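The exercises below concern an interface between two chains. Work through each task before reading its solution.

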Number of protein chains: 2
Amino acid sequence: MKIDGTLFRSVWVDEQDGWSVRILDQTRLPWSFDILRLTEVEAAAHAIRAMQVRGAPLIGAVAAYGLALAVRRDPAIAAVEAAAAMLAATRPTAINLRWALDRMLARLRPLPTGARAGAAYAEAGAIAEEDVAQCAAIGRHGMALIAEIVARKPGQPVNLLTHCNAGWLATVDWGTALAPIYAAHDAGIALHVWVDETRPRNQGALLTAWELARHGVPHTVIADNAGGHLMQHGEVDMVIVGTDRVSRNGDVANKIGTYLKALAARDNGVPFWVGLPSSTIDWSIADGLGDIPIEERAATELTTITGRALDGSIATLRIVPSDSPAANPAFDVTPARLVTGLITERGCCAASAAGLASLFPEHG
Amino acid sequence: MKIDGTLFRSVWVDEQDGWSVRILDQTRLPWSFDILRLTEVEAAAHAIRAMQVRGAPLIGAVAAYGLALAVRRDPAIAAVEAAAAMLAATRPTAINLRWALDRMLARLRPLPTGARAGAAYAEAGAIAEEDVAQCAAIGRHGMALIAEIVARKPGQPVNLLTHCNAGWLATVDWGTALAPIYAAHDAGIALHVWVDETRPRNQGALLTAWELARHGVPHTVIADNAGGHLMQHGEVDMVIVGTDRVSRNGDVANKIGTYLKALAARDNGVPFWVGLPSSTIDWSIADGLGDIPIEERAATELTTITGRALDGSIATLRIVPSDSPAANPAFDVTPARLVTGLITERGCCAASAAGLASLFPEHG
């Protein structure tokens, strides 16, 4: 996507040296636009753990490139497997991380040692390119859903609501939840996006709003508390979110609070759609609520906040008194029964085992 | 309630001069403990509008005392009615404001001019004392509900979840939602309170957590997004909130986001109770969702935040980029069908016209 006229992706190989990995430091956005250079697998692991990169598809791609950095340093399979294990342990909920590392290892294991570095970069590059193509396809399929709403209310903008950031910053390009929004906007469909702030890390207000503003998509930031009220009053035509892991029966793990919006959508007859590349599906899990591990993150994400002071400086404040403890579960699971459908690179389907099997029969 | 061993209420008449009105500046809590002195009705109106005092029962009491300040300055009925109209216009959603002013005017109108000032202070004092007694009664009735949960899980602490602040800071003393919690805690019942941060003004993290910490009640602050996940995993035995207005059929207006928690409670079989004095019931409204006005507050409540810097100073940061607009509806309406019951000063009842009529037959 373009930033002030220049095309960017969220991860790429440095064009000068041809091997170091470039990312945007998403912990600094939107206050500061910093491009980081990763030269060691440990830096890639840190970037994922500290959420300099986040979003299920993107952390899969960065893990793949991180493993390429490890292979470049030491292509012996034991070292590569140790690096993959370190990367896999950085975050527990998003399945794309494990999927990308498994794919990399499957590609690298059979190769002679000397062939692994080149193959690792090629495979990581393929993962990234496939993600871009899949997100573009999600955009096309999701845009058809938005166009159906336009047909029902011609001449009025379509109001969408999204939670967290599932835009191009969460993938390699285009996004999952935001890909249909970008596609529809680019196709001339009038729309407006309610952007959930998304406490405690505020990825909605900081990343989604920034993305949408850069692309010129009309939007309004709201507190996470406000979506239900807006749906009660007919102000939301469709909810669309991304996901960190979908079970094979269609349960959807996503940023904490997604479940509450799905409940409100159901209560008000608002369609609730989830955009995802198939790498986000965990075919090994049937019960999302019971079996998807939910990351508990540091309480400081809730008790402190960073922003811009009046003088332009970036500062951090404590916003919960220090004698009150805080808890910070980072994800929740929306049961499949609350999900209108899934938007994948192969098209839309019901959030169910049968729905997923219809699009992905090879996993049946 | 006690703060560091000293008994406080949230509003009182100055003991030295016998007429000025004292409040705690709740916009400064918990970072600073400032007692304000109100000497003019305009200052009382500002205190309500700027949310130096908030909480439906408390703004009723402060409006009553504010009117007493107006009467002291000019007891002519035209001046008193103009002052009441100004006070009534400060905030639209909480009905207690209008209820208290109507009660004051009904008391003052028939009196000779010279008798009005004394009567105004007496009536405002009566409103405040009745609120304290009613909240204490809500505490007793609500404690019985908590005791029932204890009976079902002996030896384990009861986990409650609350949204916003409906503690003693929201009333004259004791609180509505928190009164049963204080009563149960004081009676030796082991409990733990999940405190919703309550964006955008963070009254949960700033006021409820502070109140509970001062009183020694175990609690944990969570993002507003987290309650559904906790309920899915059996971590919440009961939700208890306050309200700004209840329609005569039991619809509940309360801080934005309450509706989302009620949906999650229903989806997980968690009881959802609402504590209120009867002054919060609007007998003139049957359809809460259609007829209760919802205040839209300034976007800056969402786009900026105040907290404590590392150096101890209090600072304000921008936390939404300036090129993204924001919307800030302050309340939502939870339909009666999602409310397990209402806890009033006369006891508990179903959230329905029949339930309310059973406790308040005089309004039948």
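**Exercise 1.** In which sense do strand 14 of chain A and strand 15 of chain B pair, and over how many bridges?

*Solution.* The model is predicted, with local features needing pLDDT of at least 70 and side-chain atom pairs pLDDT 80 or more, while totals for chains, interfaces and linings use all residues. Residues are numbered from 1 along each chain as its sequence is written, chains are lettered from A in the order in which they are written, and side-chain values use heavy atoms without hydrogens or water.
Strands are DSSP runs of E, at least two residues, and helices are runs of H or I, at least four, numbered from the N terminus. Pairing requires at least two DSSP bridges. Strand 14 of chain A (residues 304-309) pairs with strand 15 of chain B in the antiparallel sense, over two bridges. Within this pairing, A:Arg308 stands opposite B:Arg318.

**Exercise 2.** State how much area is buried between chain B and chain A.

*Solution.* Buried area is the accessible area (1.4 Å probe) lost by two parts on being put together, summed over both. For chain B and chain A the value is about 4,700 Å², and carbon and sulfur atoms give 62% of that. On the chain B side, B:Asn225, B:Leu260 and B:Leu317 lose the most area to chain A, together 15% of what that side buries.

**Exercise 3.** How many salt bridges are counted between chain B and chain A?

*Solution.* The criterion is a side-chain nitrogen of Lys or Arg within 4 Å of a carboxyl oxygen of Asp or Glu. The count is six. B:Arg199 forms a salt bridge with A:Glu197, with the closest N and O atoms 2.5 Å apart.
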